[in-house]
Amino acid sequence: MVKVRILGDEGAVAQAVARRVQRLLASAPSAVLGLPTGRTPVELYARLRRAHAAGRVDFSRATTFNLDEFLGLPPDHPGSYRSFMDEHLFRHVNLNPRRIHFLHGGAVDPDRECARYEAAIRRAGGIDLQIVGIGANGHIGFNEPGAALSADSHRARLEPGTRRSNAALFGGRASAVPREALSMGVGTILRAGAIVLMATGASKAPAIATALGGPVTTRMPASFLQLHHDVEFVLDREAAGTLR
Ligand code: F6R
C-alpha cells in the first residue's frame, strides 16, 4: 500500500523529504541513501545544505548512491549528474568522498560498470532510503516506459521527451543531451528498505494518477512502486491533481 502525502507547494515537499533524511541520519548515522537529480530535488538539496550549515544534519558516516548518469560523460563534465550533485549537495556537506557512489558515465565497458555498481550497493549493505523523482512519462531513474524493464543497473536509451527535459544542463540544447544513460534498474530501486517519490507541478499529475491507480505495467515504470512495502509519494497539490 503506497502512502500518499499531499502538501501545499514544492517548498513543503522539499521540507518534508529533508526532514525524513535528517531523521534517518539522526537515528542511523551510517545510513545508505539513494539520490536523484533533476529539477524536483533542487530545493531538497538546498534545505539539506542549510540544515548541515546549521548543525542539524551530519553526513560524515553516510553513504550515497545516485540513480543514474549520462553515458559518455566523464564525472567532471558540466552537464553530468555528478557535477549537478557536486554543485547542489556534495561540495557543501561533510560526506566522505569515498562513500559517494556514482555510475561512471565515461566507463569504457558500460555493462561491467553496471555490475560494479550493483556489487558496490550490495557491499554497502543495500540502500536504506531511496529518493526518486518521476518523469512526466512515468519513468523512475532512467527506466523508460516500454515493453520490458531491466531489474538491475543497465544501459538505457533516453526518450526524446526525457532528453528535452534535461536540455537545461546542456545550454538549453536537447540535441546535446546524450542519447543513452546508465541507470539503476527497477529491481535496484525496489530492493531499497524504504522509497520516497517526490513530485511537484501539474505536468506530473497524469503520471502520478496512473502510477498509483493503474495496473503494474512496464508502460508506467513508477507503477512498480506499488509492489514495495514501504513507499511514500510526497506530492504538492498540483502533482496530486485529481487524487483524493
Ligand atoms: C534523475 C532521475 C529522473 C528524474 C525525473 C524527473 O536522477 O532519475 O528519473 O527524477 O526525470 O526529473 P525532474 O525532477 O527534472 O522533473
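In what order do the 7 strands of the open parallel sheet run? I read the order as E1-E10-E9-E6-E2-E3-E5, with parallel pairing.

**Ground rules.** I am working from a predicted model, where local features need pLDDT of at least 70, side-chain atom pairs count only at pLDDT 80 or more, and totals for chains, interfaces and linings use all residues. Residue numbers start from 1 along each chain as its sequence is written, and side-chain values use heavy atoms, with hydrogens and water left out. I took helices (H or I, at least four residues) and strands (E, at least two) as DSSP runs, numbered from the N terminus. I called two strands paired if DSSP finds at least two bridges between them.

I then checked strand E2 (residues 32-35) against strand E6 (residues 129-132) and found 2 bridges in the parallel sense. Gly34 has Gln130 as its bridge partner in E6. Helix H4 (residues 110-123) packs on this sheet and touches strand E3 (63-66) and E5. Contact here means heavy atoms within 4.5 Å. The direction of H4 makes about 150° with that of E3. For angles, I used lines fitted to C-alpha atoms, for helices over the stretch in contact, and values from 0 to 180 degrees between N-to-C directions.

**Antiparallel sheet.** I also found an open sheet of 3 strands, in the order E4-E8-E7, with antiparallel pairing. Strand E4 (68-70) and strand E7 (154-157) are its edge strands, and each pairs on one side only. The twist averages 30° from one strand to the next. I counted 4 bridges from E7 to strand E8 (residues 180-183). Among the partners, His154 goes with Ser183 of E8, and Arg155 goes with Leu182 of E8. E4 is joined to E8 by 3 bridges. Phe70 stands opposite Ala181 in E8.

**Two helices.** How do H2 and H3 cross? The axes of helix H2 (residues 42-53) and H3 come within 9 Å and cross at roughly 40°. I therefore logged H2 as oblique to H3. Angles under 35 degrees count as roughly parallel, over 145 as roughly antiparallel, 65 to 115 as roughly perpendicular and the rest as oblique. Val42, Tyr45 and Arg49 of H2 make the contact with Phe84, Met85 and His88 of H3. By class, I noted 4 nonpolar, 1 polar and 1 charged residues. Ala, Val, Leu, Ile, Met, Phe, Trp, Tyr, Cys and Pro count as nonpolar, Asp, Glu, Lys and Arg as charged, and the others, Gly among them, as polar.

**Largest pocket.** I noted about 650 Å³ of space in the largest pocket. A pocket, on a 1 Å grid over the protein atoms alone, is an open set of points where a 1.4 Å probe fits, with protein on both sides within 12 Å along at least five of seven lines; lining residues have an atom within 4 Å of a point. Grid points are joined across faces, edges and corners, and the volume is the space filled by probe spheres set on the points. Of the 31 lining residues, Gly38, Arg39, Ser165, Asn166 and Lys204 are the closest to the centre. The lining divides into 11 nonpolar, 15 polar and 5 charged residues. H5 gives the largest share, 3 residues.
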